[in-house]
Amino acid sequence: MDPHDLTARLEALSAIDGPSQAAGSAVREALGSGALKAALRGDWMGHALHPLLTDTVIGTWTSGLLLDLTGGEGADRLVAAGIVCAVPTALSGATDWADAEERDPGARRVGALHAVANGAALGLQIRSLSARRRGARGRGIALSLAANALLGASGYLGGHLSYVQGVGVG
């Protein structure tokens with residue numbers, strides 16, 4: 001299936017409207033309209049914060065996997081750094097998405113799936129780090145590989161949100 005066709009189907013997936021609308025309302029209520037929301041949007045730098053932060057998470061996890069596959073050292077630290085960076089990245093993305101989800105049902109749906117996929121990737125990386133620390137390196141690498149594959153698919157959805165639907169732009 002063509003990725004554009006798949007994304008169009010996801011935009012029309014009304015079955016997730018209830019939970020995604022509730023999540024958007026919860027994010028808007030939690031953040032209000034004050035300084036925290038402005039900081040998470042990136043107002044202080046005149047540019048959306050979320051894309052900058054995603055590069056950190058993607059970069060650390062991809063670099064960690066590359067080190068795993070080539071026998072380099074430091075992969076565990078990169079996986080851990082990506083886990084830490086995923087939290088502010090998710091918060092900044094949720095801020096952008098919550099504003100867009102009120103106006104655009106397609107953005108709400110794709111954004112909700114983007115968030116779920118990223119949450120699942122984060123969960124896999126946490127399990128990967130745990131396996132590594134228990135000495136199950138092969139399992140940790142396999143979990144990291146799965147997380148990176150999921151992160152790539154979710155990144156496509158994030159790109160669609162930004163470049164096609166204009167979420168977080170302006």
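I began with handedness: in this predicted model, helices H4 and H7 cross in a left-handed sense. I then listed the contact, which H4 makes with Ile58, Trp61, Thr62, Leu65, Asp68 and Leu69, and H7 with Arg137, Ile141, Ser144, Leu145, Asn148 and Leu151.

Next I looked up the geometry of the pair. The axes of H4 (residues 50-70) and H7 (residues 137-164) come within 10 Å, and the crossing angle is roughly 140°.

I checked H7 for length. Its 28 residues should span 40 Å at 1.5 Å a residue, and the end C-alpha atoms lie 39 Å apart, so the two values agree.

I went through H7 for burial. The buried residues are Gly140, Ile141, Leu143, Ser144, Ala147, Asn148, Leu151, Ser154, Leu157, Gly158, His160 and Leu161. I noted beside this list that an α-helix has 3.6 residues a turn, so residues three or four places apart point the same way.

I looked past the end of H7 and found Gly166 following the helix, with a positive phi near 75°.

My last entry is on Ser92, which sits in helix H5 (residues 75-103). Its relative accessible area is 0%, so I put Ser92 down as buried. Leaving out residues up to four places away in sequence, I found Ser92 touching Leu40, Leu49, His50 and Leu53.

Conventions
Residues are numbered from 1 along each chain as its sequence is written. This is a predicted model: local features need pLDDT of at least 70, side-chain atom pairs count only at pLDDT 80 or more; totals for chains, interfaces and linings use all residues. Side-chain values use heavy atoms; hydrogens and water are left out. Axes are lines fitted to C-alpha atoms, for helices over the stretch in contact, and angles run from 0 to 180 degrees between N-to-C directions. Helices (H or I, at least four residues) and strands (E, at least two) are DSSP runs, numbered from the N terminus. A crossing is left-handed if the near helix is turned anticlockwise from the far one by less than a right angle, and right-handed if clockwise. Contact means heavy atoms within 4.5 Å. The expected span of a helix is 1.5 Å times one less than its number of residues. Buried means under 20% relative accessible area, exposed over 50%, partly exposed in between (1.4 Å probe, protein chains only).
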